[in-house]
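Reader: I'm new to reading protein models, and I'd like to go through one step by step. Could you take my questions as they come?

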Amino acid sequence: MTERRTARRYDLSLPVDIRLPINRETRSHSGHTRDISTHGVYFMTQRELAPGTEIDFTLTLPAEITRGTEVFVRAHGRVIRVDKRV
């Protein structure tokens with residue numbers, strides 16, 4: 001299979017908080033990242049999400065990664081792929 005990714009992925013396990021803005025949920029769902037790139041984040045959570053679901057998420061990149069200070073990341077995105085739990 002040919003690699004289609006255009007951005008390098010970094011193996012990072014970081015806590016992530018996910019909200020579903022379409023449902024206007026007040027509580028967040030926690031999870032953790034598996035890897036991150038400039039084009040996306042692969043994360044795992046106990047919450048069932050379907051491809052196409054819009055999400056808001058927040059995470060903090062540690063100073064060791066940014067080579068400076070911690071960076072708080074807040075983003076809006078869409079679920080592209082869901083892998084089945086093993």
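This is a predicted model: local features need pLDDT of at least 70, side-chain atom pairs count only at pLDDT 80 or more; totals for chains, interfaces and linings use all residues.

Reader: Okay, then in which strand is Asp56 found?
Author: Strands carry numbers that count from the N terminus. Going by that numbering, Asp56 sits in strand S5.

Reader: Does Asp56 count as buried, partly exposed or exposed?
Author: Buried needs a relative accessible area under 20%, and exposed needs one over 50%. Asp56 has 28% relative accessibility, so the label is partly exposed.

Reader: With which side chain does the side chain of Asp56 make a polar contact?
Author: Let's start with who touches Asp56. Leaving aside neighbours within four places in sequence, Asp56 is in contact with Asp17, Ile18, Arg19, Pro21, Ala75 and His76. The side-chain polar contact, at 2.7 Å, is with His76.

Reader: How far apart in space are Asp56 and Leu12, C-alpha to C-alpha?
Author: In sequence, Asp56 and Leu12 are 44 residues apart. In space, going from C-alpha to C-alpha, the distance is 19 Å.

Reader: Zooming out, what pattern does the protein chain follow along the sequence?
Author: The parts list is 1 helix and 6 strands. Read along the sequence, they come in the order β-β-β-β-β-α-β.

Reader: What share of the residues of the protein chain counts as buried?
Author: For a sense of scale, the C-alpha atoms fill a box of roughly 35 × 35 × 25 Å along the principal axes. The chain exposes about 7000 Å², with carbon and sulfur atoms supplying 50% of that. Of the 86 residues, the share that counts as buried is 28%.

Reader: Which residues touch the most other members of the largest nonpolar core?
Author: In soluble globular proteins, nonpolar side chains tend to be buried together. Here the largest nonpolar core has 13 residues, and the ones touching the most other members are Ile55 and Leu59.

Reader: And which strand gives the largest share of this core?
Author: Strand S2 (15–19) and S5 each supply at least two residues of the core. The largest share is 4 residues, and they come from S5.

Reader: Which residues does Ile55 touch, not counting those up to four places away in sequence?
Author: Contact here means heavy atoms within 4.5 Å. By that cut-off, Ile55 touches Ile18, Arg19, Leu20, Pro21, Phe43, Ala75, His76, Gly77 and Val79.

Reader: Now the charged pairs: why does the salt bridge of Asp35 and Arg9 tie together parts that are apart in sequence?
Author: The side chains of Asp35 and Arg9 meet at 2.6 Å, N to O. Asp35 lies in strand S3 and Arg9 in the segment before strand S1 (10–11), so the parts tied together are 26 residues apart in sequence.

Reader: Is Asp35 buried or exposed?
Author: The cut-off for buried is a relative accessible area under 20%. Arg9, with 29%, is partly exposed. Asp35 has a relative accessible area of 5%, so the word for Asp35 is buried.

Reader: How many residues apart in sequence are the parts that Glu54 and Arg78 tie together?
Author: Glu54 forms a salt bridge with Arg78, their closest N and O atoms being 3.3 Å apart. Glu54 lies in strand S5 (residues 54–61) and Arg78 in strand S6 (residues 71–78), so the parts they tie together are separated in sequence by 24 residues.

Reader: Which side chains make polar contacts with the side chain of His29?
Author: His29 is placed in strand S3 (residues 29–36). At 9% relative accessibility, His29 counts as buried. Its side chain makes a polar contact of 3.2 Å with the side chain of Arg27. Another, of 3.0 Å, is with the side chain of Arg47.

Reader: Last one: where in the protein chain is confidence highest?
Author: Overall, the chain averages a pLDDT of 88, and 91% of the residues score at least 70. Confidence is lowest in helix H1 (residues 63–66), at a mean of 88, while the highest value, 95, belongs to S2.

Methods. Residues are numbered from 1 along each chain as its sequence is written. Side-chain values use heavy atoms; hydrogens and water are left out. Buried means under 20% relative accessible area, exposed over 50%, partly exposed in between (1.4 Å probe, protein chains only). A polar contact is a pair of N or O atoms within 3.5 Å; within protein, one must be able to donate a hydrogen and the other to accept it, and residues adjacent in sequence count only if both atoms are side-chain atoms. A salt bridge is a side-chain nitrogen of Lys or Arg within 4 Å of a carboxyl oxygen of Asp or Glu. A nonpolar core is a set of buried Ala, Val, Leu, Ile, Met, Phe, Trp, Tyr and Cys residues joined through side-chain atoms within 4.5 Å. Accessible areas come from the Shrake-Rupley method with a 1.4 Å probe; for residues, only the protein chains shown count as cover. pLDDT is the predictor's confidence in each residue, from 0 to 100.
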